[in-house]
Amino acid sequence: MKFVANSFSWPFRGDWKSRWLPGLVAVLLLPIAFIPLLGYAIDATRAAETDDAAGPPSWKLSFRLLSDGFWTALVIALLTAPFLLALNPLAGLLFDRQIGHVTDAAQSQLYAHVVAAFVLALPWGLLFLLLMPHATARFAHTGDARDLVDFPAAVRGVARDFATWNLAAAAIVTGWALGLAAVGLLCVGLVPGVFYAILVSAHASAALHDKGANSPTR
């Protein structure tokens, strides 16, 4: 449990205020800052692997930041695509079975899509928890984009040290739950909540890097 608590407090270590301001801006401008934000998440994982006590790293716009963000975004898209492709067929099936059926057809279609999204969210989230923490830790350590798609190695990492992965997964899930719950603190609360969840996830993933990365960082 100490490991989980450390992940929750890590976003506020070191000179955290100067790290949070650009982070909040990046989350606020997510449609155009998606890649830099993901690149920073990789940099945060790398920083937690290197010096846990220093807190989140400073923001440095560089080719590496953009490259890391690009490759991470590509893998996220790769893992998400099958679920997006399944959304409409599943919604159509639910609509035909009159799940959430109301008098208005358009509203029934909307309800069917909402239900389908919730149904697909669980396997999507479990897939990411299974593959991404180890893959992210290795990529942050080696800088080799191939580590992001070495899914068999990720599965082997979970099997090899299930206890550590379980704690990391618990920290990631709880971090996102707390982050998204911040939307209740006025709508603006979602922005710091998402950035907090990203930092918690980075720290939790960093705990796995010794289990799956032996190559020197570039």
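Predicted model: local features only at pLDDT ≥ 70, side-chain atom pairs only at ≥ 80, totals over all residues.
View 1. The chain holds nine helices and zero strands; helices (H or I, at least four residues) and strands (E, at least two) are DSSP runs, numbered from the N terminus. Of contacts (heavy atoms within 4.5 Å) between residues at least 6 apart in sequence, 75% join residues at least 24 apart. Residues are numbered from 1 along each chain as its sequence is written, and side-chain values use heavy atoms, with hydrogens and water left out. Local features need pLDDT of at least 70 and side-chain atom pairs count only at pLDDT 80 or more, while totals for chains, interfaces and linings use all residues.

**View 2. The largest nonpolar core.** A nonpolar core is a set of buried Ala, Val, Leu, Ile, Met, Phe, Trp, Tyr and Cys residues joined through side-chain atoms within 4.5 Å; buried means under 20% relative accessible area (1.4 Å probe, protein chains only). The largest one has 20 residues, and V27, L37, Y40, A44, F195 and L199 touch the most other members. Helix 2 (16-28), helix 3 and helix 8 (190-206) each supply at least two residues of this core. Helix 8 gives the most, with nine residues.

**View 3. Surroundings of A44.** Leaving aside neighbours within four places in sequence, A44 contacts W10, P57, L199 and A202. A second, separate core of twelve residues includes I42, A135, A140 and L148.

**View 4. E49 in helix 3.** E49 lies in helix 3 (residues 30-50). Beyond neighbours within four places in sequence, E49 contacts A137, A140, H141, A206 and H209.

Terms used:
Buried < 20%, exposed > 50% of the residue type's maximum accessible area, 1.4 Å probe, protein only.
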